[in-house]
Amino acid sequence: MTGAPEAEPAWGAGPRAAPDRPVKVAHVVLSLNVGGLERVVLRLLERTSRERFAPVVCALQEPGALADELARLGVPLVVLSRKPGLDPGLPVRLAAWLRREGVRLVHTHNPGPHLYGALAAGLARAASFAGGGGGGGPRVIHTKHGRNYPKQKRKVLVNRLAAALTDRVVAVSDDTRAVALEVERVDPARVVTILNGVDPEVFRPGDARAARARLGLRDAGYHVGCVARLSPEKDHATLLTAFARLREVRPDAHLTVVGDGPVRPALEQQAARLGLGGAVLFTGTRGDVAELLPAFDVFALASLTEGISLTLIEAAAAGLPIVATRVGGNPEIVQEGETGLLVSPGSPEPLAAALEAIAVRDDRAEVGMRGRARVIERFGIDRMVRAYEDLYDEVLRG
């Protein structure tokens, strides 16, 4: 069995000794562009104890649209500007930076940063040992935010190499844990599960009428919402096709798509071809998602692959029933029939039927509130941050 237990992980129960001074932790990312991974990193930075840890962010490509948040959080940022393709000099530059900054823990996020960060930490440890430092260079923790292409052999081999140089691999769902263990063959002793978390006081039920007015929507009708980056793996194309079929039986249905990305022009053209006209609203990227979610009667996500969807957790916290594809960690969020419905990916007919089924449920509000209760129980932000802090302590002690 590869799933993590429901109970608090063992490392969450131990005492926390305050260090003489905060331990410097470097979060290594590609960038801080808009996405679930990046929002998880920012929430972790926001709530990490500054008495115990001093975080810094290293972006390997560019700052990203969310980088301004770091100034508000008081977190330094360095950009190392990775060269296109494989950059063999990057681990050397990164290792030199780690040593200059006195970083004791490297926390990487997703495959590219994992490989470069693990190699750089190894180089820094070797340099410390050669310089008489006893090999006391930085340790490495990696968060596996998604499935990371388990069917692509080359990428799997790269992930195995990086994992061999890593102290702990954190899976954000039971599904990503299974990929780490069964596909990438990471030593089970090095794999832990820490579920992504949201703040249920920020994402909570609200005034639907006010939220619809915020979006310029009519109050009447059946409102379907989706918040996700407009990229192929989110499969908005199937969602649009399913929504067109829903409109055949629910002409009062309206779809709001929050997010932006490379496939937006194609999706807008598809909506026009389907004759959806004013029935679909593309809002682009929004910074007020928590205020918008109460506008929806149901939240829909048609992803082809997921690690564990932060937007699904946010929608559940807002008390929305959910219709989502049965992929990745989605079944760990959505309890079939209890907090929403799960359907096969890439299939418009079941998705349309599920959206219609939610529309006619008399207990639709209760379905959403059961989802919110599950978020509070399993996906709270404080639980996530506490687990990471205790894992940091465990690795540093080792």
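Start by selecting Gln61: not counting residues up to four places away in sequence, Gln61 touches Leu30, Val79, Ser81 and Arg82 (contact means heavy atoms within 4.5 Å). This is a predicted model, where local features need pLDDT of at least 70, side-chain atom pairs count only at pLDDT 80 or more, and totals for chains, interfaces and linings use all residues. Numbering runs from 1 along each chain as its sequence is written, and side-chain values use heavy atoms, leaving out hydrogens and water.

Now show the side chains of Gln61 and Arg82, which make a polar contact at 2.7 Å (a pair of N or O atoms within 3.5 Å, one able to donate a hydrogen and the other to accept it; residues adjacent in sequence count only if both atoms are side-chain atoms). Gln61 sits in the loop between strand S2 (53-59) and helix H2 (68-73); helices (H or I, at least four residues) and strands (E, at least two) are DSSP runs, numbered from the N terminus. Gln61 is partly exposed, at 36% relative accessible area (buried is under 20%, exposed over 50%, partly exposed in between, with a 1.4 Å probe and protein chains only).

Next, select Val224, Phe243, Leu293 and Phe299, which touch the most other members of the largest nonpolar core, a set of 84 residues (buried Ala, Val, Leu, Ile, Met, Phe, Trp, Tyr and Cys joined through side-chain atoms within 4.5 Å). Helix H15 (residues 381-397) gives the most to this core, nine residues. Apart from this core lies another of 18 residues, including Cys58 and Trp97.
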